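Let's take a walk through this structure together.

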Amino acid sequence: MFIDSQKAFDTVGHTILVHKLSKFCIDGTTPSWISNYLRARTQKVQVDGQISSPAKIDIGVPRGSILDPLLFLLYINNLGSILSNSKHHMYADDTVIFLESDKPLNSQKLMTDVLVKLNKWVINNKLSINLKKQIHDLWYSGNDYQV
């Protein structure tokens, strides 16, 4: 299974991230520092020369810094723990899950179990899966559709 997170860097929940960081860190200063780094961020929108009032941003990691990929990887780091019954590879916002079984019905059950766990993890972490990309990548290769 190929899993692609939808707008992954833009949907990182600050509270969830800081909570996860507190589990990784030996001291309490790093989660506090990251919380301060993310706090009080705002954005404005300009349409036809009119600029909106600043709106607070409480999700997403700042783009263009060296920290954003690291913060995202720390955010999804525990995904591997729910995939313990399968082999998997994670690269940024993409995850590949490998399942194998010699019996078709067993394969279906294994896949269903992984998808149920994955769905719960995605909801708990306020992320979403890019289903359009999933269908395209899985079934379409060049000019040929594959099953």
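Start with Asp68, which touches Phe9, Val61, Pro62 and Arg63, leaving out residues up to four places away in sequence; a contact here means heavy atoms within 4.5 Å. Asp68 sits in helix H3, residues 67-76; helices (H or I, at least four residues) and strands (E, at least two) are DSSP runs, numbered from the N terminus. Asp68 is buried, with a relative accessible area of 7%, where buried means under 20% (exposed is over 50%, partly exposed in between; 1.4 Å probe, protein chains only).

A word on the ground rules: this is a predicted model, where local features need pLDDT of at least 70 and side-chain atom pairs count only at pLDDT 80 or more, while totals for chains, interfaces and linings use all residues. Residues are numbered from 1 along each chain as its sequence is written, and side-chain values use heavy atoms, with hydrogens and water left out.

Now for the core. The largest nonpolar core has 23 residues, and Leu17, Leu71 and Trp121 have the most contacts inside it; such a core is a set of buried Ala, Val, Leu, Ile, Met, Phe, Trp, Tyr and Cys residues joined through side-chain atoms within 4.5 Å. H3 supplies the largest share of this core, 5 residues. Leu17, neighbours within four places in sequence aside, is in contact with Val12, Ile34, Leu38, Val61, Leu71 and Tyr75. In soluble globular proteins, nonpolar side chains tend to be buried together.
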